[in-house]
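I opened the model today to look up a few things about its fold. My notes follow, in the order in which I made them.

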There are 2 protein chains.
Amino acid sequence: MKNDLFLRALKGETVERPPVWMMRQAGRYLPDFMKLKAKYDFFTRCRTPELATEITVMPIEQVGTDAAILFSDILVVPQAMNVPFEMKAGVGPWLENPVRTAADVNKVVVPDVEEELGYVMDAIRMTKAELDGEVPLIGFAGSPWTILCYTVEGQGSKSFDKAKGFCFSQPEAAHALLQKMTDTTIKYLKAKVRNGVDAVQVFDSWGGMLAPKDYEEFSWRYIQQIVDALKDEAPVIVFGKGCWFALDKMSTSGASAVGLDWTVTPDLARKWTNNSVTLQGNFDPSRLLSPIQEIEHGVKEMIDGFGKDRYIANLGHGILPNIPVEHAQAFVNAVKNYKS
Amino acid sequence: MKNDLFLRALKGETVERPPVWMMRQAGRYLPDFMKLKAKYDFFTRCRTPELATEITVMPIEQVGTDAAILFSDILVVPQAMNVPFEMKAGVGPWLENPVRTAADVNKVVVPDVEEELGYVMDAIRMTKAELDGEVPLIGFAGSPWTILCYTVEGQGSKSFDKAKGFCFSQPEAAHALLQKMTDTTIKYLKAKVRNGVDAVQVFDSWGGMLAPKDYEEFSWRYIQQIVDALKDEAPVIVFGKGCWFALDKMSTSGASAVGLDWTVTPDLARKWTNNSVTLQGNFDPSRLLSPIQEIEHGVKEMIDGFGKDRYIANLGHGILPNIPVEHAQAFVNAVKNYKS
C-alpha cells in the first residue's frame, strides 16, 4: 500500500499526520458524480461494477482523501433479503410493502450473498485493481437496527416511530428480523473482506433514536455480533449517529475505531472511550459551508483536540450535496497540512 | 390552586408523589381532539380562544394530568413577526419565502405582542377561568434557534442544513434574526405570564443539531436571555431535545426545571445538572406503544431513577398520534399510583 496512513491509524501506530476521508465522499458535491447521476439511476450506479468503481475512485483523484469507500448503499442488503427497496423520486428509499408483522418477517430470507450481491464483490475487485495499491478500500454495511428502521417504516423518517413501535409491541418478531439482518450482514462483510476491502465500517445512523437500554437490546447486541465475527479478518469501525451514550461499550467491543458525530467534544470522546481506541470524526458537515479560513481553523482545533495519533479525521456524518468542492478540498488539505 | 403538585415540584419542595403531564398532551391521540381537527384547520384552532381553551382543558378532564399547557404552536411567534407560516397539507409548517439573506432579516419585525398575539392572551384568560384553579397552566415558546430553523429552512427538515448553513456562512444576519426572535419571545412570554400562565417552557427542539460550541453561540445564549428576563416573573422550564451536552449550563441558568429526552439516564441527568435543579421527562414516547404492564414497569423504574422530589414526570418529547388513549392513561395513572 503506497499510502497506508489510514490502516496504521486503525492499528494505533504513530503517524506523521492523521489520515483523512469523508463519509459520502463520493457524492453529489462532486460535479463529475452529478454527470453520472444524470445518466444512471441510483441502484444502477450501485449495481454496475464499472460505475461503482469510477465513483469510488473519483474523490481519491479529485479531493485526495487517504482512503476510498466503496460506492454502494446500505439498502442493497435488504434488497438481497427479499425486501425490495426502490429509490422513489422525491421520496428517497421506498418499500411498497413494509415489514410490520411476524408473518412479514418470515418472508425475509438470509441469502447467499456472493450470489445475490455478486455485483458488489465484482465492484470491489475492479476498484482494488483501479486503486492499484494507492490507498486502502473501506467496505460498509448498515447496522441491523438501522436496516430495520427503513424496513419497517418503508421509507425515511424523522423519528422512525413505526419502527420503534414495532420493536416495542412485537419484540419477538423484531428480534427475529434483527437476527436475520445480522446473519446476512456478517456473511456480506466477510465476503467483502475476501474480495479485497481493507477495513469495514458499520453505520448505525438511527441508533441515537433509542434510549440507552433499548439501544443495547435492539441495536448494540447485534453490532457486537458483527464486530465479533469480523474483527479477526479486518479492522472494524463502528459509527453510531447520536450514540454518545454507547461510546464506552463501543470502545471495548473489539472494534479498531469508533466513529463520532459532532455533538461529542474530543475530550469527552477520549474520556468515554477510556483513551483506548482510535477515534474517527467529527467535523459538522454543515460547517463546510463556513468560509475556507474558518474550516482550516476548525480542522486545526479538531486535531489538536483529538491528537494526531489514534485518530482519523472525518466528518461527523455524510458530506452534504451543497458543499462547494473547494471547501471539501480545503478540509482535506487542512488535515494534510496539520502541524501541532 | 387545588392541585399544586406541579408548582411545588418546580420550587423543589417535598411532594407526596411527582406531578405528571405530557408534552403535546392535547393532541391527535385524543378522539375528541380529532373531531375538532376535522372541523377547524390548525391555525384556526390556535387563533380561536374558545377552541384553544376547549383543547387545552381536554387532557385534564380525559387523562387527568397535573398541569395544563395552552394549546398553541411555536410558529405563531414568527407569524406575528412578518414571517407568514402556513400549515400545508402533507408537508406541515410551510413558508413560501424563507428568510435567507440579511435583507430578508431586515423585513422581520419585533411586534406589539399583546396586539398581534392577542388571541393567545384571550385564550389564556379563558382557559384560566375554565380551569377554575384546578391545575396550573403552562405557556410555551420555541427557542430562537428552533424558530430560526423553520424560518430559514421554510419547512421541517431532518437536519436543518440550510438553517445551519445560513448561520455558518452569514453569522451576522443570523444573530440579528436570533436577537429579534429573542426580544419578541421575551415580550411574548412576559405577556403570557401577565395574562395568567403559572409557568413557561422554552422548547429547543433542534438544539441537538448543533455542536456544543455552535449551540452556545446560536442557541443557548439566547435561551439564557429569555431565562434571565422571565425567571423572576414565573418558573421557567428549559427543554432541549438532543442537548445532553448542555445540561450543566441549563442547570445553572436560573431555570426552575430542565427537561430531558429519553437518551439521558436519570443518574447521568442528576450528575450533569449537579443535583441542583428539578428535572422533567423523559419516557420515550414510542414506549407508550408497549403493553400497559410494561408501561407501568417503565414508569416505576423512571421515578425510582429520578427520585420522587425535584422531579416532574413527562415524556421525553411530544406524545405520538398513534398512542391508544388507554396507554396514555396508564402512563399518567402509573405516576399517580407511584410507591417507592
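Predicted model: local features only at pLDDT ≥ 70, side-chain atom pairs only at ≥ 80, totals over all residues.

**Entry 1**

I began with β4(A) and β5(A), which pair in the parallel sense over 5 bridges. Two strands count as paired if DSSP finds at least two bridges between them. Residues are numbered from 1 along each chain as its sequence is written, and chains are lettered from A and ligands numbered from 1 in the order in which they are written.

I then asked how many of the 6 residues of β5(A) are buried. The count is 6 of the 6 for this strand (residues 199–204), so β5(A) is largely enclosed by the rest of the structure. Buried means 20 or more other C-beta atoms within 10 Å of the residue's own, exposed means 12 or fewer, and partly exposed lies in between, with C-beta atoms placed from the backbone. In a regular strand the side chains alternate between the two faces of the sheet. Both faces of β5(A) are covered, with buried Ala199(A), Gln201(A) and Phe203(A) on one side and buried Val200(A), Val202(A) and Asp204(A) on the other.

**Entry 2: the whole sheet, chain A**

I traced the strand order as β1-β4-β5-β6-β7-β8-β9 in chain A, an open sheet of 7 strands with parallel pairing. β1 and β9 (311–315) of chain A are the edge strands, each pairing on one side only. At the β9(A) end, strand β8 (residues 278–283) of chain A runs parallel to β9(A) and is joined to it by 5 bridges. Asn282(A) has Asn314(A) as its bridge partner in β9(A).

Next I looked for a helix on the sheet. Helix α8 (residues 118–131) of chain A lies across β1 and β4 (137–142) of chain A, at about 150° to β4(A). The angle is between N-to-C directions, on a scale from 0 to 180 degrees, with axes fitted to C-alpha atoms, for helices over the stretch in contact.

**Entry 3: chain A overall**

I counted 16 helices and 9 strands in chain A. Its radius of gyration is 19 Å, close to the 20 Å that the globule rule gives for 340 residues, so chain A is as compact as a globular protein of that length. The radius is taken over C-alpha atoms, and the rule is 2.2 Å times the number of residues to the power 0.38. Buried residues are 55% of the 340 in chain A.

**Entry 4: two loop valines**

Val63(A) is in the loop between α4 (49–62) and β1 (68–69) of chain A. Is Val63(A) buried or exposed? Val63(A) is buried, because 21 other C-beta atoms lie within 10 Å. Leaving out residues up to four places away in sequence, Val63(A) touches Gln25(A), Ala328(A), Gln329(A) and Val332(A). A contact here is a pair of C-beta atoms, placed from the backbone, within 7 Å.

Val99(A) sits in the loop between β3 (92–94) and α6 (102–106) of chain A. Val99(A) counts as buried, with 27 C-beta neighbours inside 10 Å.

**Entry 5: chain B and the contact**

In chain B I found an open sheet of 7 strands with parallel pairing, in the order β1-β4-β5-β6-β7-β8-β9. β1 (68–69) and β9 (311–315) of chain B are at the edges with a single partner strand each, so one side of each has no neighbour in the sheet.

Where the chains meet, 20 residues come from chain A and 20 residues from chain B. Helix α10 (residues 161–169) of chain A gives the largest share of the chain A side, 5 residues.

Methods
Helix = DSSP H or I, 4+ residues; strand = E, 2+ residues; numbered from the N terminus. Contact = placed C-beta atoms within 7 Å.
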